[in-house]
Amino acid sequence: MKENIALKVTDKDNVATIFADDITDGSRVTVLDKRGERQEYTVKGTVPYGHKIALAPIKKGELIIKYGEEIGIATHDIAPGEYVHVHNLDSMRGRGDWDKKEG
Amino acid sequence: MEFMGYVRPDGKVGARNLVAVIPSVTCANDVAQAICHQVQGTVPYLHHQGCCQMPPDLDRVTETLISLGKSPNAAAVLIVSLGCEGTDTERLYQEIAATGKPTEIVRIQEIGGVSKAIQRGIDLARKLVIAVSGLQRQAVDISKVVMAIKCGASDTTSGMASNCVIGYVADKLVDLGATVIFGETTEFIGGEHLLARRAVNGQVAQKIYDIVAAMEQRAKAIGCDMRRGQPTPGNIAGGLSSIEEKSLGAIMKSGTKPIQGVLDYPQAITDQKGLWIKDTPGREPEILTGMAATGAQFMCFSTGRGAPQGFPSMPVLKICGNPHTYQRMEEDMDLNAGLIITGEKTIEQVGEEAFAKILRLLEGEMTKNEAIQYFSSIDIHCLGPVI
């Protein structure tokens, strides 16, 4: 069977990007880091090509890290292998709507 | 290292030998288009500005059009003026003519209407095209290259493949003494600290923070959530979850060299070398115009979802990071960086392919969007309201 590959950019990252098609609940993916080390994950959710999964438990309000930097905060608790995208990740920048709530 | 280019009277070097037809205001677009339809070797800049704008924006339009006229791929310039525009058309004419390149102007109201202006414009354009058509390329040092870079219709492959290829080429050109310009200030949001760290001094670092803050403030001032516009729906479908993620991937294309300074949107490069930032938005029509105004001979454009657009006088080389998109849109994509994602090639291998294509492009080989003239949607980025 063809191996499903996901890439982790830096060691600090808690998400990896899947470059494989037809990934659904229960699919197995191999996460490769930049040294070529491999770790297997079971996917939770239907994840399109080029989308992300969590590599560790991420609690609501915790930072999501890719490229070694924060790309947003979790809006729900996220389990390892779970699909991470706009449904459970919130941008923290350019948020005029937050200012309005605070003001 | 050398390449064969067109040396202009002001010392700049072009990779193309075009006659640029510049409407000084949007109301002159149809005349410019009709002239270019008739006369080969001409390109129009069909923008939508130049009247009923606040004074700083009118200056911005005048200065951007001057820079476009001065850009070295334009061998000669024909300005099409309506006559009552807000753009400073006299300054536009004088400053372009001062570079020593043949410059002409046709005025629609003064000559007695559209059809007369088209007729006069065709005659002037024909004269200009014939005058420059015999110019020969000469060998010049590679340090005369000004490369613009951008990513558009990005997905998650952009930051991991095609932007890395552009970063490789950017580093190589800077090492050869050339100039590289990147922009898309919106896409510094979330990664500005990484760029500021690469600034040559504290002043440049502060300027980077300032332009990002100003861009974010413009978005926040509307009192809504920027996520409706950035990342774009296409970016989100491609797997980019936030502006921060898009920015961090976008920054990869700037390579690793020190950042020498920040250029304003209308500003042209004089003889600055190395890696520079230009304060531009991310949207294609406005950033491509801003980058062409810099005087870039060409642009390297990274895409994941498949953005086909080019620019009238600046060949745009499409480097596609997504192997699926490359397969579907090969006719619009110049290079396949998707082979990095599939593990078939390294960043360096595709980077060297890109560099070889760039050398051919500089000497006249066309890009795909250039060959089919997919480049009419351009515009000048203004800040204030239309009034």
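1. A word on conventions: residues count from 1 along each chain as its sequence is written, and chains are lettered from A in the order in which they are written. Since the model is predicted, local features need pLDDT of at least 70 and side-chain atom pairs count only at pLDDT 80 or more, while totals for chains, interfaces and linings use all residues.

2. Chain B has 15 helices and 14 strands (DSSP runs, H or I of at least four residues and E of at least two, numbered from the N terminus). Its radius of gyration is 20 Å, close to the 21 Å that the globule rule gives for 387 residues, so chain B is as compact as a globular protein of that length (taken over C-alpha atoms; the rule is 2.2 Å times the number of residues to the power 0.38).

3. Where does chain B meet chain A? In chain B, 28 residues are in contact with 26 residues of chain A (C-beta atoms, placed from the backbone, within 7 Å). On the chain B side, α6 (156-175), α8 (202-220) and α10 (243-251) each supply at least two residues, and α10(B) gives the most, with four.

4. Now to α8(B): B:Ile208, B:Ile211, B:Val212, B:Met215, B:Glu216 and B:Ala219 are its buried residues (20 or more other C-beta atoms within 10 Å of their own, placed from the backbone; exposed means 12 or fewer, partly exposed in between). Seen down the axis, they fall within an arc of 125 degrees, so they line one face of the helix (the arc is that of the directions from the axis to the C-beta atoms). On the other side, B:Gly202, B:Gln203, B:Ala214 and B:Gln217 are exposed.

Note on methods: Two residues are in contact if their C-beta atoms, placed from the backbone, lie within 7 Å.
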